[in-house]
Amino acid sequence: MKRALIIGSAGQDGSFLSEQLAGAGWSVVGVDRNTVPACELRDAAQVNELVRVAECDALFYLAAFHHSSEDAARPLGEELVQSQEVHVTGWVHCLEALTRHRPAARAFYAASSHVFGEPTGRVTEETPFSPRSAYAVTKAAGVEVGRLYRARGLHVSSGFLFNHESPRRPARFVSQRISGGAVAAARAVAEGRPYSLELGSLSAVVDWGYAPDYTAAMLRIVTCDAPSDYVVASGVPHTIQDWCSLAFEAVGLDWRRFVTERPGRVTRQVPPLVGDATHLRQATGWAPSMSFENLVRLMVDAARNDESQT
């Protein structure tokens, strides 16, 4: 039985990946900030012992430090230091431990489309990095770290993950805010109450996909003979307004009655990134299984079920 070690197993991606690996016959060890006993990623000795004991055939590094795009009060230096610790320092400790104890193991690093900044045209693996945030700067550094260890013989791959959603997304994500907002609006109408959902720019363009498709790509990537870096994306752009329209349509309402646009609400604008996953498709045969329309309906149905249980 193959063994997998997932760093950052409690999040949306970690939970889906754990289930998929188990379904494929892998033994899975998951670690996150709430694991007991916890593994401090900043501590090289703790990470080294974790990897030694796990005896993993594949290590998935999904750990991420997320800060609110609306939090203008946090000093940039603080964001950079905390992001560096999670996206780079812990990753280096994992790769050093693999080099020492499991040199034949495969490693996957969850990078982000944000490392590309504001490119013109569709994003491929050849698109230059141009990060515009602490999160993106340190994720880009993590990719480069992986490339250094790959050049020294480790099987290290990275995935540039574009937006991927599921009902397991935290409530702060716009996909959940809109889906839950549509359900809340329907309930307000039924009870004769007013309702309003305030969002940022409705014209913002996003390349959205279904999270289990993206974690399935991770498993395909680590089982490739040769390591590489891959764009993981649907390649289909949609706007925030598109999500609003479909979500409110799913509950029988016109979104224009309930949604208020406040373009200045978000202090850090997200560029209109659209990915080209040709390299991933050619190398692994991967393709998305869920359309944008079905994804939105799934999210609304999940929000409706959550409400009915409260």
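Figure 1. E118 is exposed, at 52% relative accessibility. The model shown here and in the other views is predicted. R132 likewise counts as exposed, with a relative accessibility of 53%. E118 and R132 form a salt bridge in which the closest N and O atoms are 3.7 Å apart. Both residues belong to the loop between β4 (106–112) and α4 (134–151), so this pair ties together parts that are 14 residues apart in sequence. Side chains of opposite charge can pair when their charged atoms come close.

**Figure 2. Salt bridge between E19 and R168.** The whole structure contains 16 salt bridges, and one of them joins the side chains of E19 and R168, with an N to O distance of 3.0 Å. E19 is a residue of helix α1 (residues 12–23), while R168 sits in the loop between β6 (164–165) and α5 (174–191), so the contact ties together parts that are 149 residues apart in sequence. E19 is partly exposed, its relative accessible area being 45%. R168 is also partly exposed, with a value of 38%.

Figure 3. The closest N and O atoms of R262 and E198 are 3.6 Å apart, and the two residues form a salt bridge. R262 is located in the loop between β12 (259–261) and α8 (278–284), and E198 in strand β7 (residues 197–199); the pair therefore ties together parts that are 64 residues apart in sequence. R262 is partly exposed, with a relative accessible area of 41%. For E198, also partly exposed, the relative accessible area is 35%.

**Figure 4. Nonpolar surface patch containing L76.** Three residues, L76, L80 and V137, form a nonpolar patch on the surface. Together they have about 240 Å² of accessible area. L76 is placed in helix α3, which covers residues 76–101. L76 has a relative accessible area of 55%; the cut-off for exposed is over 50%, so L76 counts as exposed. The C-alpha atom of L76 is separated by 8.9 Å from that of S133, although the two residues are 57 apart along the chain.

Figure 5. Helix α6 consists of 12 residues, 211–222. At 1.5 Å a residue, α6 should span 16 Å, and its end C-alpha atoms are 17 Å apart, which agrees. Of the 12 residues of α6, 10 are buried, so the helix is largely enclosed by the rest of the structure. The buried positions are A211, P212, D213, Y214, T215, A217, M218, L219, I221 and V222. Buried here means under 20% relative accessible area.

**Figure 6. Backbone of E55 in the loop between α2 and β3.** E55 has a positive phi of about 50 degrees, although it is not a glycine. Most residues other than glycine have a negative phi. The loop that holds E55 lies between α2 (44–54) and β3 (58–61). E55 counts as partly exposed, at 45% relative accessibility.

**Figure 7. The whole protein, for reference to the close-up views.** The secondary structure comprises nine helices and 12 strands. For 310 residues, a compact globule would have a radius of gyration near 19 Å; the value for the protein is 20 Å, which agrees. Along the principal axes, the C-alpha atoms fill a box of roughly 65 × 40 × 40 Å. Of the 310 residues, 48% are buried. The protein exposes about 14,200 Å², and carbon and sulfur atoms supply 50% of this area. When contacts between residues at least 6 apart in sequence are considered, 78% join residues at least 24 apart.

Notes. Residues are numbered from 1 along each chain as its sequence is written. This is a predicted model: local features need pLDDT of at least 70, side-chain atom pairs count only at pLDDT 80 or more; totals for chains, interfaces and linings use all residues. Side-chain values use heavy atoms; hydrogens and water are left out. Patches are made of residues with over 30% relative accessible area and no salt bridge: like charges are joined within 9 Å, nonpolar side chains (Val, Leu, Ile, Met, Phe, Trp, Tyr) within 5 Å. Accessible areas come from the Shrake-Rupley method with a 1.4 Å probe; for residues, only the protein chains shown count as cover. A salt bridge is a side-chain nitrogen of Lys or Arg within 4 Å of a carboxyl oxygen of Asp or Glu. Helices (H or I, at least four residues) and strands (E, at least two) are DSSP runs, numbered from the N terminus. Buried means under 20% relative accessible area, exposed over 50%, partly exposed in between (1.4 Å probe, protein chains only). The radius of gyration is taken over C-alpha atoms; the globule rule is 2.2 Å times the number of residues to the power 0.38. Contact means heavy atoms within 4.5 Å. The expected span of a helix is 1.5 Å times one less than its number of residues.
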